[in-house]
Amino acid sequence: MKEYRTIRDVAGPLIFVEKTEPVSYGELVLITLPDGTTRRGQVLDSAKDIVVVQSFEGTRGIDKSSAVRFTGDIVKLACSKDMMGRILSGSGEPIDGGPKIIPEERLPIIGSAINPYARTYPREFIQTGISAIDGMNTLVRGQKLPIFSGSGLPHNDIALQIARQAKVRGTGEEFAVIFAAMGITYEEAHYFIKDFERTGALERAVIFLNLANDPAIERLITPRMALTAAEYLAYEYDYHILVILTDFTNYCEALREISAAREEVPGRRGYPGYMYTDLATNYERAGRIRGRKGSITQFPVLTMPADDITHPIPDLTGYITEGQIVLSRELHAKGIYPPINVLPSLSRLMKEGIGEGLTRDDHVQWNDQMYAAYAEGVDLRGLVAIVGEEALSEKDRRFLKFADEFERRWLQQGRYEDRDIEYTLDLGWELLSMLPEGDLVKIERKFIEKYHPAYRKKAAGEAAEAA
Amino acid sequence: MEVKTTGSVGEIYRVSGPLVVAEGLKARMYDVCLVEGLMGEVVGLAGDKVLIQVYEDTSGIKPGGKVENTGMPLSVDLGPGIITSIYDGIQRPLPVMKEISGDFIGRGIEAPGIDMEKQWEFKPTVKKGDSVSPGDVIGTVQETKVVEHRILVPPNVEGGVINEIYEGKFTVRDTIAVLDNGVELKMHHKWPVRIPRPYKEKLPPDVPLLTGQRILDALFPIAKGGTAAIPGGFGTGKTVTQHQLAKWSDSHIIVYVGCGERGNEMTEVLEEFPELIDPRTGEPLMERSVLVANTSNMPVAAREASVYTGITLAEYFRDMGYDVAVQADSTSRWAEAMREMSGRLEEMPGEEGYPAYLASRLAEFYERAGRVKTLAGSIGSVSVVGAVSPPGGDFSEPVTQNTLRIVKVFWALDTKLAARRHFPAINWLQSYSLYAESLTDWFKENVAPDWSELRTWMMTVLQEEANLMEIVMLVGKDALADNQRVLLEVARYIREVFLSQYAYHEVDTYCSVQKMYDMMKAIRELNDIFYKALDAGKTIDEIETVEGREDFARAKFEEDYKKYLDEAVAKIKANLLGGEA
């Protein structure tokens, strides 16, 4: 491997190298500093006269006499089943003091796109034990469902609760968790690891850590490392993988930093125009493939700057992912956990994963009715603030009451409370029974007669009498 | 497309993502080149350098590598075998790619757009001695159960008198006819995607493209050969609406272009369409559909090409005299692909970093829609419905604005309606259709004479409701007069019963125009009953909670909806106006 000492410029995370032999686009680069340490980087632009390299580990200490080597190889991750239970750095090196991972295979971290023709549509209901998700934003195996959060909201608790409780009922198959931290604090990361250790989940987990004080550019490869590991374990070893990636906002900041250093024409708010495509190459690596047993379900977490859902990061994410779970500061302030605002939340794959034989036959219409009733109640709150509760009709007051009870009884649950889907649905029915039957227009008669508490009580009474 | 290289050879000078700069290459703009075997297209010439956008991932490509020019523009393969296919952005069949490179998409795969070896039963419709011109039909092939593929004299070939024509089984490469000037006709020909196919003349849009969606057909109809845009933030139902149009619109052929969207959405179409039955033909919907899929993680340059591939396929079927609908989801991703390439080319950016030619490219694309008299003299149409994904759901951004300047129908999706799960979440106050006028006659003649009166009445009630709601938000419902509250109640029926439609309900997913009319009529009847009841001394509470209202709301879910609707109206009438039901 030839060494070059022909660095012309260093600008932010970028290094410009002159007079090289032809170098491949995307090639892995090793840079040796005068003090002997080695940094890794990647070719971003390769021309006959100059090559642009982005250094993953920053450019501090790099001078013009540093030696640049082009490896002729692209960035790869050493994959093995032994990754399970290990803690790796953001660029895939073990940092838990354990032995090196002996690779069974070295895979390029830029995965190829799944041929849409080879995909199979995700339909298997995952029970997370959280009512707001199972009931109204149902998750299925192979889905990518992000949590849109804000600073100070308990997204980590929710992600952990999902990791602890997620299961596909009746299969007994457990999820393996891949956790990738991008620019989060040591404290947050520690919180996750402690929980994994305590519950024994660590044995079935691979952890990639790029912390707040690690180089920002490394964040650009951390999720790709994690997803490469996920694909290896899912498609080679038939694991069902749950990937938690937090926090994508930090990832996008790093993307913007590189773009600015390259003096590219910025898109909205200084983020590069290709951020959509770049995010898609991460998020689209979820799903199921026909004829393969394993699956990859993604739970990216991002914090919305200033709680603004129209900010480019949540916005572009929402256009790629299959729905979103939106957390609300208002609910959090009311002391409600999980503070999931179901109105802007959505699961696009829900319709195929619920209903008869999957969850329960009434689920679809029950969901429509719950949404409509809660939305009505929330709207009325706005009105009450202006005209006072006295100005409302009897009917309106009932919807108002419904919305309050919905939050207090149905949404609210414990961090370790694992509700099954029947409980979630029945509790919802109890709330719906606060409304007159004539207002339950979204539910067919047969389901009302089967599940409405009034009819159930009657049926139970009759059964008792007959006995 | 099928590729042959004949042209000049050059050397790679620079690689920057999808942009490759070559030197020593002789090339014209838009020539297709092979960069180390990867397909690309010339997008610029700068001094002695040639700028090429490559349709595949360029990792591992280095300066000094070989670039070959094919001397051909980007073209699609036309002929029997297109229907039921699923292609990538440059017409490579995805099933063939799966066979070659497995579950993940490999690079440098060459695959013709149609099966060159498959034999088709060709039936001539002209005979020896007949004279034919470009665009004329010379015979037919039964391509699927519902699509008769008409074999045309390619528009880029000279016509003449038929010397010989054969009947029987042929591959698309075989000669099926010979003209007196020596031209050999085959079932296969190529057409460059960036050049619109010729036709004789454009016709006025006076026939509706019926979609089976109440809010679209009744309030904001699109004409055959028309253009429509569906802008909306994420989660408002762009894709579901596009899928509904692909499923139920009364077109002969559907071309669905998934441009930079989710992989699972294409899978959904692929799994669902062979199962769904077309109400008009009784055959699976797949038998009339073509899919072009370039998902968000597939190479960005091919995304730019995918919409052109889609519309060229559509024009080809139009030339056979068919009504074709193109669903492009989403044109914003296409515009972003243009922006990305423009950035790499270091062009001076226009608004929000988009290239200055964004508006003209969009206009050129939508202008390829239209209802036309074909070269052969028959009538065909290409209707285009483009989804737009405005950042933050803000319609003031350049792609939405430039699209609205061209298209004639605007279906505005509304985040608020979506959050209330009112679907389709199309805002009835913001949307418009410029075809509504020109289609009035068709609805009058084919459905009912009072169709447009009912339509206008509904629009007026909805507009009036919006005005009243402003007052309600300030002073509460109690402050309204009783007849105003009746109006609110009627508007509620229009919204919740008529406008809201369940895409996933087996009956409600499709609504015939007759059913639309019956429903409008029934709501109008309720309106009259309510006002009469008010005059007769009934309170507004009694009207709002009248028994039978849930039966009325559920009638649309029944196959035999008319009976339930009539019963519900009778019940409500009896409850409010007394015995004479």
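**Entry 1: chain B strands**

I began with strand β24 (residues 379-388) of chain B, which is joined to β23(B) by four bridges, the two strands running antiparallel. The model I am reading is a predicted one. Within this pairing I found B:Ser381 of β24(B) as the bridge partner of B:Arg371. I then looked at the turn: the hairpin of β23(B) and β24(B) has five residues between the strands, and B:Gly377 there takes a positive phi near 95°.

Next I looked up another partner of β23(B). Strand β18 (residues 201-203) of chain B is antiparallel to β23 (residues 370-373) of chain B, with three bridges joining them. Here I noted B:Lys373 in β23(B) opposite B:Glu201.

**Entry 2: the open sheet of chain A**

I traced an open sheet of eight strands in chain A, in the order β9-β15-β14-β16-β17-β13-β18-β19, with mixed pairing. At its edges I placed β9 (87-89) and β19 (346-347) of chain A; each has a single partner strand, so one side of each lacks a neighbour in the sheet.

Strands β13 (residues 147-149) and β17 (residues 295-303) of chain A run parallel and are joined by three bridges. A:Val301 in β17(A) stands opposite A:Ile147. I also recorded that helix α2 (residues 155-165) of chain A packs on the sheet, where it touches β13, β14 (175-184), β16 (240-246) and β17 of chain A. The direction of α2 makes about 170° with that of β16(A).

**Entry 3: helices α5 and α6 of chain A**

I took the axes of helix α5 (residues 248-261) and helix α6 (residues 275-283) of chain A, which come within 11 Å and cross at roughly 135°. That angle makes α5(A) oblique to α6(A). I noted the crossing of α5(A) with α6(A) as right-handed.

I then listed the residues that meet. From α5(A) they are A:Phe248, A:Tyr251, A:Cys252 and A:Leu255; from α6(A) they are A:Met275, A:Asp278, A:Leu279, A:Asn282 and A:Tyr283. I sorted the residues of this contact of α5(A) with α6(A) into seven nonpolar, one polar and one charged.

**Entry 4: salt bridges**

I searched the whole structure and found 83 salt bridges over all chains. One that I looked up joins the side chains of A:Glu284 and A:Arg119, at 3.0 Å from N to O. This pair links distant parts of the chain, 165 residues apart. I located A:Glu284 in the loop between α6 and β17 of chain A, and A:Arg119 in the loop between β10 (105-108) and β11 (125-126) of chain A.

Notes. Residues are numbered from 1 along each chain as its sequence is written. Chains are lettered from A and ligands numbered from 1 in the order in which they are written. This is a predicted model: local features need pLDDT of at least 70, side-chain atom pairs count only at pLDDT 80 or more; totals for chains, interfaces and linings use all residues. Side-chain values use heavy atoms; hydrogens and water are left out. Axes are lines fitted to C-alpha atoms, for helices over the stretch in contact, and angles run from 0 to 180 degrees between N-to-C directions. Angles under 35 degrees count as roughly parallel, over 145 as roughly antiparallel, 65 to 115 as roughly perpendicular and the rest as oblique. A crossing is left-handed if the near helix is turned anticlockwise from the far one by less than a right angle, and right-handed if clockwise. Contact means heavy atoms within 4.5 Å. Ala, Val, Leu, Ile, Met, Phe, Trp, Tyr, Cys and Pro count as nonpolar, Asp, Glu, Lys and Arg as charged, and the others, Gly among them, as polar. Two strands pair if DSSP finds at least two bridges between them. A salt bridge is a side-chain nitrogen of Lys or Arg within 4 Å of a carboxyl oxygen of Asp or Glu.
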